[in-house]
Amino acid sequence: MKITEVITHPLRASISNAFYYSQGFYPAREAVLVELRTDEGLTGWGQCSGAPAAIPPAVAGVYAPLLQGRDPRDWQVLWHTLGGLRGGHYGVISGLEIALLDLAGKASGVPVSRLLGGAFRNRIKVYATGLYRLQRWESLDAWREGLVEEALGYKAEGFSATKVKIGFVPRQDVALVHALREALGPEMGLAVDANCAWDVATAVWVGRGIEGAEIAWYEEPLPPTDLEGYREVRRTVAIPVAGGESLAGLHPFREMIATRAVDVVQPDIIICGGFSAMARIQTLADAHHVRLVPHCWGTAVSLAASLHFLATIPDASPSITPTEPLLEYDRSENPLREDLLLTPLRQTGGYLPVPEAPGLGIELDPQALARYRVED
Ligand code: CA
């Protein structure tokens with residue numbers, strides 16, 4: 001089997017309720033998918049990450065020629081050819097490697113999880129990421145009431161944990177987190193995410209302010225370039241510290257994990273370098289007894305890839321009450337997550353199924369692709 005064409009699909013979907021996090025504002029959702037075609041008629045799909053306008057030229061000019069004529073079943077070799085260990089545009093390398101595995105699985109008639117060595121489970125526990133600030137909420141009361149209602153909705157749907165966006169005004173954030181904990185009761189997991197908004201002093205002040213609210217983890221209190229700052233927050237605040245979603249390639253993760261900057265490392269399969277990078281980061285995390293909870297905030301393609309990866313990871317620590325792997329499940333408005341598949345991935349009781357068909361086990365809807373496609 002030979003790869004004959006490498007096609008990029010830049011997508012954009014408008015949303016009805018624009019929302020904020022601490023670093024920006026989302027009036028729409030964007031993504032770039034990549035499609036590999038072969039001489040045997042099989043196609044493989046992946047999702048890239050990074051600035052959408054930069055991806056099609058990088059694929060066409062640099063990466064597609066490396067894959068032309070190659071056999072996708074050599075995905076591990078091709079990951080090195082693309083620069084998986086050496087470096088490059090990891091957002092592109094990730095998408096292409098995911099598409100290679102999709103093809104390799106389809107060629108062998110097995111799901112990607114089996115290609116990687118087998119699945120421990122056929123469903124993955126997910127937590128609900130949402131609780132953003134909506135543009136239409138004009139007062140603090142509307143913000144708090146809206147978030148409490150949203151969080152209670154996740155609880156009613158069966159999610160065992162959710163995550164709230166903070167990083168706005170420290171005093172308001174602390175009050176909001178306590179309001180959420182009070183509304184949710186003691187059982188439901190609640191994580192907070194500042195999206196790199198603060199300096200060490202503010203991160204410590206907020207962290208101490210929410211220590212009593214039983215927080216599952218304190219995500220990206222600082223930019224990931226300040227690992228010494230992360231270590232200071234870890235030493236000072238009695239909440240597990242999380243980060244790493246924007247890191248790519250092996251060495252930034254080695255630095256973050258081996259220097260104990262985080263308790264929970266959060267690689268994203270479309271950012272860090274694909275399945276091959278995820279497996280290596282998992283090994284680093286295992287060796288240092290750091291928990292790995294993948295970041296996932298993309299389309300149905302990156303969601304399916306993340307599900308296959310976590311299916312292959314054993315429960316953490318041999319005990320009679322082991323912890324099963326956990327995946328981020330974005331619940332913010334995103335038609336590119338909900339509408340792209342002919343058979344959508346649906347959560348029940350806080351779990352998503354691991355697709356069982358060959359490859360990624362998903363089928364893209366050509367009409368949806370055409371509807372959201374922007375010209376590159
Ligand atoms: Ca995050």
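**Close-up views of a predicted model**

**View 1. The Asp-193 to Lys-163 salt bridge.** Asp-193 and Lys-163 pair up in a salt bridge, with their closest N and O atoms 3.9 Å apart. The two partners come from distant parts of the chain: Asp-193 sits in strand E7 and Lys-163 in strand E6, 30 residues apart. Is Asp-193 buried or exposed? Asp-193 is buried, with a relative accessible area of 0%. Lys-163 is buried too, at 1%. Keep in mind here, and in every view below, that this is a predicted model.

**View 2. Strand E7 and its covered residues.** Here's the strand that carries Asp-193. E7 covers residues 189-193 and is mostly covered, with five of its five residues buried. Which residues point which way? Gly-189, Ala-191 and Asp-193 point one way from E7, while Leu-190 and Val-192 point the other way, and all are buried.

**View 3. The neighbours of E7.** Take strand E6 (residues 161-165): E6 and E7 run parallel and are joined by five bridges.

**View 4. Two crossovers that share E7.** Start at E6 and follow the chain: E6, helix H6 (residues 170-184) and E7 make up a right-handed β-α-β unit. From E7 the chain then crosses through helix H7 (residues 200-210) to E8, and this β-α-β crossover is right-handed.

**View 5. Arg-121 reaches Asp-315.** The side chains of Arg-121 and Asp-315 meet in a salt bridge, at 2.9 Å from N to O. Arg-121 lies in the loop between helix H4 (112-115) and strand E4 (123-129), and Asp-315 in the loop between helix H11 (300-311) and strand E12 (326-330), so this pair ties together parts that are 194 residues apart in sequence. A search of the whole structure turns up 19 salt bridges.

View 6. Arg-337 counts as buried at 9% relative accessibility, and Asp-330 counts as buried at 2%. Which residues belong to the network? Salt bridges link Arg-29, Asp-330, Arg-331, Arg-337, Glu-338 and Arg-346.

**View 7. The buried face of helix H2.** Helix H2 spans residues 75-82, and its buried residues are Trp-75, Leu-78, Trp-79 and Leu-82. Why do they line one face of the helix? Seen down the axis of H2, the buried residues fall within an arc of 110°, so they line one face. What do they pack against? The buried residues of H2 pack against helix H1 (55-67), helix H3 (90-108), H4 and helix H10 (275-287). Look just after H2 as well, where Gly-83 takes a positive phi of about 105°.

Key:
Residues numbered from 1 in each chain as written. Predicted model: local features only at pLDDT ≥ 70, side-chain atom pairs only at ≥ 80, totals over all residues. Heavy atoms only, no water. Buried < 20%, exposed > 50% of the residue type's maximum accessible area, 1.4 Å probe, protein only. Helix = DSSP H or I, 4+ residues; strand = E, 2+ residues; numbered from the N terminus. Pairing = 2+ DSSP bridges. Right-handed = clockwise from strand over helix to strand, strands pointing away. Salt bridge = Lys/Arg side-chain N within 4 Å of Asp/Glu carboxyl O. Arc of directions from axis to C-beta. Contact = heavy atoms within 4.5 Å.
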